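Me: Could you take a close look at one part of this model for me, the charged side chains and their partners? I'd like it as one connected walk-through.

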Amino acid sequence: MEDLKTKILDASLSHVAFDGWSKETFDAAIEDCNIDPALAKSIYPRGALDLAIAFHKRGDAQMVARLKSENLMSMRFRDRIAAGVRYRLEAAAVDKEAVRRGSALFALPTNAAEGAKLIWGTADAIWTALGDQSKDHNWYTKRATLSAVYGATVLFWLGDDSEDHAATCEFLDRRIDNVMQFEKVKAQVNANPVASKLMAGPNWLLSQLKAPGSGFDSDLPGHTNSK
């Protein structure tokens, strides 16, 4: 079944540039593969939408494989994060038009939740591959900030025609620097006796958040510690 899934996805890419992630693309792909439409629908129940999701997740898997194969230990941690985003863009660069069409698809109100979920998934994949051990609210803030950085960088990258996407790399570095500055300010606030008292309430509330899989029986994406 995985082989058929890959075969249909590969066949769709030659049609996406003309028809986007659409029913026309899905129908053309299964015709190219000579696969029964009912079988194709069992593999991709939502048709082109599931194709676009599979394409995105393939890029995530390629990025994770590269992160695990590269020796990043000599890098600063912020540079390892930047490398993860760059590797993800390089995986997507194989078919940039498919990414562009995917961005348009997931910008639609009916698909926006799926798009946000995919971006979050990419951020989570980067942090997990880099060995993030967060179990509290930092699990969320790390992924939320990286999701924002990745989403903005992808939009910039889609319009970047500089050599080797040098302008995108510079844009990415600036966004990560902004995040690091925010973390520095947060640390300064917590170290300030007066400011830390003002933040005692919000910090307590945040301390009740636990990352998924932190020893609690829940199928929700994180939850509060009621103990």
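Reply: Here is a look at the charged side chains, with the pocket at the end.

A word on ground rules: this is a predicted model, so local features need pLDDT of at least 70 and side-chain atom pairs count only at pLDDT 80 or more, while totals for chains, interfaces and linings use all residues. Residues are numbered from 1 along each chain as its sequence is written, and side-chain values use heavy atoms, with hydrogens and water left out.

Let's start with the pairs. The count comes to 16 salt bridges, a salt bridge being a side-chain nitrogen of Lys or Arg within 4 Å of a carboxyl oxygen of Asp or Glu. In one of them, arginine 88 meets aspartate 60 at 2.6 Å, N to O. Arginine 88 sits in helix α5 and aspartate 60 in helix α4, so this pair ties together parts 28 residues apart in sequence. (Helices are DSSP runs of H or I, at least four residues, numbered from the N terminus.) Arginine 88 is buried at 4% relative accessibility, and aspartate 60 is buried too, at 10%. Buried here means under 20% relative accessible area, exposed over 50%, and partly exposed in between, with a 1.4 Å probe and protein chains only.

Arginine 143 has a salt bridge with aspartate 124, the closest N and O atoms being 2.6 Å apart. Arginine 143 is buried at 2%, whereas aspartate 124 is partly exposed at 23%.

Now for a charge without a partner. Arginine 80, in helix α5 (residues 77-92), is buried yet has no salt bridge, and the nearest side chain of opposite charge, aspartate 79, is 8.2 Å away. For that charge label, Lys and Arg count as positive and Asp and Glu as negative, with His and the chain ends not counted. Leaving aside neighbours within four places in sequence, arginine 80 is in contact (heavy atoms within 4.5 Å) with Leu67, Leu72, Met73, Met75 and Leu130. Aspartate 79 itself belongs to a network of salt bridges with Arg76, Arg78, Asp173 and Asp177.

Aspartate 160 is another one to click on: it lies in the loop between α8 and α9 (166-191) and is buried, with a relative accessible area of 8%. Leaving aside its neighbours within four places in sequence, aspartate 160 is in contact with Lys96, His165, Ala166, Ala167 and Thr168.Last, the largest pocket: helices α4 (48-69) and α5 are among those that each supply at least two residues of its lining.
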